[in-house]
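Take a look at the fold below.

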Amino acid sequence: MKSLAELQALRDSMKGKIGVRDDAEGNIRVVVGMATCGIAAGARPVLTAFTEEVSKRNLQNVTIAQTGCIGICQYEPVVEVYEPGKEKVTYVKMTPEMAVKVVNDHLVNGNVVTEYTIGAKTK
């Protein structure tokens, strides 16, 4: 690698190979907290469940991503769903089974699974 242009070209070519998409209009982003607290609470199987279910259903408008600490460790595993033009939905104390239901009800059918949200869990 001898120049910044070569590095940028490599980055662009790798983006296509690993399936990274820019946030296109209508794209839903699912972000799983994968800091130490999330992993210890079971975030890895939750991430796997989301990834497998989205793949199995061939949902082209959904991107699954990881992030570090979201800041509410007592509610881990935490998953945030971002939809264009809508308020962020924060799901807490997630399990792989709950992830499958969120994919079906929320991501496919547009119905937030209210009983899994932080508002329902903190009352």
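Contact here means heavy atoms within 4.5 Å. Helices (H or I, at least four residues) and strands (E, at least two) are DSSP runs, numbered from the N terminus. The model is predicted, so local features need pLDDT of at least 70 and side-chain atom pairs count only at pLDDT 80 or more, while totals for chains, interfaces and linings use all residues. Residues are numbered from 1 along each chain as its sequence is written, and side-chain values use heavy atoms, with hydrogens and water left out.

Start with α3 and α4. On the α3 side, P45, V46, A49, F50, E53 and V54 make the contact. They meet P96, A99, V100, V102, V103 and L107 of α4. What is the make-up of this contact: nonpolar, polar or charged? Eleven of its residues are nonpolar, none is polar and one is charged. In this count, Ala, Val, Leu, Ile, Met, Phe, Trp, Tyr, Cys and Pro are nonpolar; Asp, Glu, Lys and Arg are charged; the others, Gly among them, are polar.

Now the geometry. Helix α3 spans residues 43-56 and helix α4 spans residues 96-108. Their axes come within 8 Å and cross at roughly 40 degrees. That angle makes α3 oblique to α4. The classes are these: under 35 degrees is roughly parallel, over 145 roughly antiparallel, 65 to 115 roughly perpendicular, and the rest oblique. Axes are lines fitted to C-alpha atoms, for helices over the stretch in contact, and angles run from 0 to 180 degrees between N-to-C directions. The crossing of α3 and α4 is right-handed. A crossing gets that name if the near helix is turned clockwise from the far one by less than a right angle, and is left-handed if anticlockwise.

Next, follow the chain out of α3. L59 sits in the loop between α3 and β2 (62-67). Is L59 buried or exposed? It is buried, because its relative accessible area is 17%. The cut-offs are under 20% for buried, over 50% for exposed and partly exposed in between (1.4 Å probe, protein chains only). Leaving aside neighbours within four places in sequence, L59 is in contact with V54, V103 and V108. L59 and V103 are 44 residues apart in sequence, yet 9.6 Å apart in space, C-alpha to C-alpha. N58 is in the loop between α3 and β2 too. N58 is exposed, with a relative accessible area of 53%. Its phi is near 55 degrees, a positive value in a residue other than glycine.

Turn to the sheet. Strands of a sheet pair through backbone hydrogen bonds, either parallel or antiparallel. Here four strands form an open sheet in the order β2-β1-β3-β4, with mixed pairing. The edge strands are β2 and β4 (89-91), each of which pairs on one side only. Two strands count as paired if DSSP finds at least two bridges between them. On average, neighbouring strands of this sheet are turned by 20 degrees against each other, direction ignored.

Look at the pairs in detail. Strand β1 (residues 28-33) runs antiparallel to strand β3 (residues 79-82), and four bridges join them. V31 has E80 as its bridge partner in β3, and V30 has V81. Three bridges join β3 to β4, and these strands also run antiparallel. V79 stands opposite Y91 in β4. A hairpin is formed by β3 and β4, with six residues between them. In its turn, G85 has a positive phi of about 80 degrees.

How do the two helices lie on the strands? α3 lies across β1, β2 and β3, at about 165 degrees to β2. α4 lies across β1, β2, β3 and β4, at about 170 degrees to β4.

Two loops deserve a check. P77 lies in the loop between β2 and β3. A cis peptide bond joins E76 and P77, with omega about -10 degrees. K93 lies in the loop between β4 and α4. K93 has a positive phi of about 50 degrees, although it is not a glycine. K93 is partly exposed, with a relative accessible area of 40%.

Finally, step back to the whole chain. The protein chain has five helices and four strands. From the N terminus on, the elements run α-β-α-α-β-β-β-α-α. Buried residues make up 35% of its 123 residues. Among contacts between residues at least 6 apart in sequence, 61% join residues at least 24 apart.
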